[in-house]
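The report that follows looks at one protein–protein interface and then at one residue on it. Please read it with the sequence and the coordinates to hand.

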Amino acid sequence: SQELEQSPQSLIVQEGKNLTINCTSSKTLYGLYWYKQKYGEGLIFLMMLQKGGEEKSHEKITAKLDEKKQQSSLHITASQPSHAGIYLCGADIQGAQKLVFGQGTRLTINP
Amino acid sequence: DTAVSQTPKYLVTQMGNDKSIKCEQNLGHDTMYWYKQDSKKFLKIMFSYNNKELIINETVPNRFSPKSPDKAHLNLHINSLELGDSAVYFCASRPWVQGDYGYTFGSGTRLTVV
């Protein structure tokens, strides 16, 4: 079973709509990272969360880490075509000194 | 200016060949990683080196051999390439003590074995 479960695996939304992607673990997350990947390209760092209850925003993207540090969500407001891509959550689980990744969420924005 | 650079970006080779992928980081980070991304886009760690010392070796076939000549470089050599080795390989680095930005990834090497 996956150490990090990401949902949904695929998401198609109309341009302008809001959306949320979730990342869940049964273990404590010691650093939760969100990355975006466009087809054929590398990983673009979005945000990192470390403290329980922490929330960070950048432009129209907001990421939260719950108080228990076992679940994170990525919320995009008023989605645009430029938001399309694969979103990956990665986490240091129990200080393992490596990033474990979720399966990714493929986001499509329809005009 | 590239923080983590990998070469080559694309590699097409025949089964049975031996190939190497190189990675260099200019961030002064102590720890470097190799990750493999399969066709379903799932990223999985392969190896990690801290200051030239191997610290993580996930169940990877011994046809894969990482080499770290110094803490700024981590190369990946693959012997007797198989079709299943086709994937995108990402190099990453981070400081030993994590800061706000943690891991920095290279742009990937797309390996195709034919």
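Chain B and chain A bury about 1900 Å² between them, of which carbon and sulfur atoms give 52%; buried area here is the accessible area (1.4 Å probe) that two parts lose on being put together, summed over both. B:K41, B:F42 and B:Y103 supply 28% of the area that chain B buries against chain A, more than any other three residues. This is a predicted model, in which local features need pLDDT of at least 70 and side-chain atom pairs count only at pLDDT 80 or more, whereas totals for chains, interfaces and linings use all residues. Residues are numbered from 1 along each chain as its sequence is written, chains are lettered from A in the order in which they are written, and side-chain values use heavy atoms, with hydrogens and water left out.

In terms of contact (heavy atoms within 4.5 Å), 25 residues of chain B meet 23 residues of chain A. The rule finds one salt bridge across this interface, a term for a side-chain nitrogen of Lys or Arg within 4 Å of a carboxyl oxygen of Asp or Glu.

B:R94 touches A:Q97 as well as residues of chain B, including B:D30 and B:Y33. Although B:D30 lies 64 residues from B:R94 in sequence, their C-alpha atoms are 6.6 Å apart. B:R94 counts as buried because its relative accessibility is 3%, where buried means under 20% relative accessible area (1.4 Å probe, protein chains only).

| Residue pair | Distance |
|---|---|
| B:E58 and A:K98, salt bridge | 2.9 Å, N to O |
| B:R94 and B:D30, C-alpha to C-alpha | 6.6 Å |

Definitions and conventions. Buried means under 20% relative accessible area, exposed over 50%, partly exposed in between (1.4 Å probe, protein chains only). Lists of a residue's contacts leave out its neighbours within four places in sequence.
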